[in-house]
Amino acid sequence: ENTKIRVKPDHSGVVTDGVKHSMNPFCEIAVEEAVKLKEKKLIKEVVAVSCGPTQVTETIRTALAMGCDRGIHVEVSGKDYEAMGPLQISKIFAALAKKEEASLIILGKQAIDDDCNQTGQMTAALLDWPQGTFASEVTIDGEKVKVVREIDGGLETIKISMPAVLTADLRLNTPRYATLPNIMKAKKKKIANMKPADLGVDMVSRVEVLRVDEPPTRLAGVKVETVDDLVAKLRANGTI
Amino acid sequence: MNNIAALFKARKGIGFVVHPSVFSGARTGIKVKSERTEALGLCVSGCRSLSSLAELPEMHQMMRQTCRDYADRELGPIAGKLDKEHLFPGQQVRELGAMGVMAVEVPEELGGAGMDYLAYSLAVEEISRGCGSTGCVVSVNNSLYIGPILKFGTQKQKEQWITPFTTGEKVGCFALSEPGNGSDAGAASTLARQEGEEWVLNGTKAWITNSWDASATVIFATTDKSLKHKGISAFLVPMPHPGLSLGKKEDKLGIRATSTANLILEDCRIPLGNMLGPRGSGFKIAMQTLDSGRIGIASQALGIAQAALDCAADYAHKRTAFGNPIGKLQAIQFKLADMAVAVESARLLTWKAAMLKDAKKPFTKEAAMAKLAASEAATFCGHQSIQVLGGMGYVTDMPAERHYRDARITEIYEGTSEIQRLVIAGQLLKEYAP
């Protein structure tokens, strides 16, 4: 959690070798919400899905230990993985949702490595399903879902029909720690393996990363005594 | 020597190398004695392939990560406060109970997690890394209280005395030491006499961890003084209970969030069914319990040692002196290296002892070695960690001083380092007996 991020010497991305990967915090919240819905007997089965190289199965296992019933690992590695973005992932999710006849897709609102905040919305668009994003409260009411959304102006409550896509925001719930018995049970749960091609998804990216740089070092500030001093300094360095 | 080396190479799946000096008798090429081959065989064929020491099974890794996350997020931030204010971590114990950590080895049908001793060792280490006191509570509940009941109790006793203690709602304690005898456990002066359908207990037990927070105790009393240590029996007593009172809480150097006090028995009456195991088997039960308990304490010591190392290594990156982070200075590097070696070697000993126990092989010597190595590693790391931090290590702003204080007890309880040496020597000499 407290790993220092380093940019690769060729500025093509960040160093990921040897860095321990863990579940995206917002996705943890999504998994927790799904498991809670199952415990309330409002949904029948929770399937944990992740796209990426082999290490991703560890994260799926964690989701299984939290209470998901089974997992699907969509294998993407090498150049395809480096180029993978929300568009490709949402295509994969859309294809899987149709294949599995899902009634709800719950994901984190955004991943904390790229902060895109696009996958949920794109998935809903591809499926032509309603979406409840930035959810801080989810209530299933028959065939509809009531979602309280965190928006800039406050909270917005909407009611959408299922099947639907929901994205989890910070205050939706507090994810549980996997219990030891559940970790044992997770060992027996199945993780299916497939490739994007099996789902008819092309992984070609429409986005090319030109360059990655570290943020500029923050310079020390200067304290001033009066507002006049402040205005003078701002004029002097050309800000105003 | 050559014979042994060949034996080693022929076996696949060995992921580590044992220093040749271990096989001292084979130096001169003489034939290996049968006991030593057995000891070797234990080492080579092991229980699990020992290459798993290099990488734990996936389930254990997940479990370790879960405990580590819990310790980092829930225990680390409050450990200082728990220590300063001598607060029992009741809420955290309940949460750990819900996770299954308070009864790792207990089968699922009794309410436990149904995992093995290696998993338990990992759990205690990670929890102790967050808070040494909480690690102690976990260890005492698992190894010293639940342990003997699981091994020697009847089905009814297990349901009555284990199941309610798996959730974290209740914890137990273990009462063996007395004001008059600690290491000299065979001289128990607490007496139990039968009166009709009851046992009546009289005496005082000292240094009982968890005493003020416990809902039951496994307690040892002499039922037949003439039989000496074969006349000691084990009993189960609920707490609170008429005839059982607690002395004042001891003001300890470390693990201050746990309560330690005397247990005073004055005509304490319990039903006959509360005897644990056969009459007169108390000493054997105590010794076997402590054997396993040693692995738990070794794990606690490892957690504290690791926390001390983490603190020192982090500081070495951040603190600058003479123009550079102090981590660049050899004096500091050598300290960190020594600390790391001490922790890692003690950890491997602990894992081995746990794995031997899981394979139902003899593990007394290895458990004693683990406890000895880990507790000395903990005090060493605690000491050096303060040294690396300098003045900062001496104040409560940094956790180094707490690790130093928490570590100290691990060399004393559940068998002092001196006793561990006696146990190891005893086992060793048996192996070499002509």
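Reader: Is B:Lys205 buried or exposed?
Author: B:Lys205 is buried, at a relative accessible area of 0%. Buried means under 20% relative accessible area, exposed over 50%, and partly exposed in between (1.4 Å probe, protein chains only).

Reader: What kind of model is this?
Author: It is a predicted model: local features need pLDDT of at least 70, side-chain atom pairs count only at pLDDT 80 or more, and totals for chains, interfaces and linings use all residues. Residues are numbered from 1 along each chain as its sequence is written, chains are lettered from A and ligands numbered from 1 in the order in which they are written, and side-chain values use heavy atoms, leaving out hydrogens and water.

Reader: Back to the lysine. Which side chain meets B:Lys205 in a salt bridge?
Author: B:Glu178, at 2.9 Å from N to O. A salt bridge is a side-chain nitrogen of Lys or Arg within 4 Å of a carboxyl oxygen of Asp or Glu.

Reader: Where do B:Glu178 and B:Lys205 sit?
Author: B:Glu178 is in the loop between strands E1 (171-175) and E2 (191-195) of chain B, while B:Lys205 is in strand E3 (residues 198-209) of chain B. They are 27 residues apart. Helices (H or I, at least four residues) and strands (E, at least two) are DSSP runs, numbered from the N terminus. B:Glu178 is buried too, at 2% relative accessibility.

Reader: How many salt bridges are there over all chains?
Author: The count is 39.

Reader: Which residue forms a salt bridge with B:Asp310?
Author: B:Arg129 does, with the closest N and O atoms 3.0 Å apart. B:Asp310 lies in helix H8 (residues 282-318) of chain B and B:Arg129 in helix H5 (residues 117-130) of chain B, so this pair ties together parts 181 residues apart in sequence. B:Asp310 is partly exposed at 32%. B:Arg129 counts as buried at 16%.

Reader: Got it. What about B:Glu376 and B:Arg421?
Author: Their side chains meet in a salt bridge, 3.0 Å from N to O. B:Glu376 is in helix H10 of chain B and B:Arg421 in helix H12 (residues 417-432) of chain B, so parts 45 residues apart in sequence are tied together. B:Glu376 is partly exposed at 30%. B:Arg421 is partly exposed at 40%.

Reader: Which residues do salt bridges that share partners join into one network?
Author: B:Arg64, B:Arg68, B:Asp72, B:Glu126, B:Arg129 and B:Asp310.

Reader: Now B:Lys371. How far away is the nearest side chain of opposite charge?
Author: That is B:Glu414, 7.4 Å away. B:Lys371 is buried yet has no salt bridge. For charge, Lys and Arg count as positive and Asp and Glu as negative; His and the chain ends are not counted.

Reader: What does the side chain of B:Lys371 reach?
Author: The backbone oxygen of B:Thr410, at 2.7 Å. B:Lys371 itself is in helix H10 (residues 364-389) of chain B.

Reader: New topic: chain A. How many strands form the open sheet?
Author: There are 5, in the order E3-E7-E4-E5-E6, and the pairing is mixed. Two strands pair if DSSP finds at least two bridges between them.

Reader: Which strands of chain A stand at the edges?
Author: E3 (104-108) and E6 (154-161). Each has a single partner strand, so one side of each is left without a neighbour in the sheet.

Reader: In what sense do E3(A) and E7 of chain A pair?
Author: Parallel, over 5 bridges. In E7(A), A:Thr167 is the bridge partner of A:Leu107.

Definitions and conventions
A polar contact is a pair of N or O atoms within 3.5 Å; within protein, one must be able to donate a hydrogen and the other to accept it, and residues adjacent in sequence count only if both atoms are side-chain atoms.
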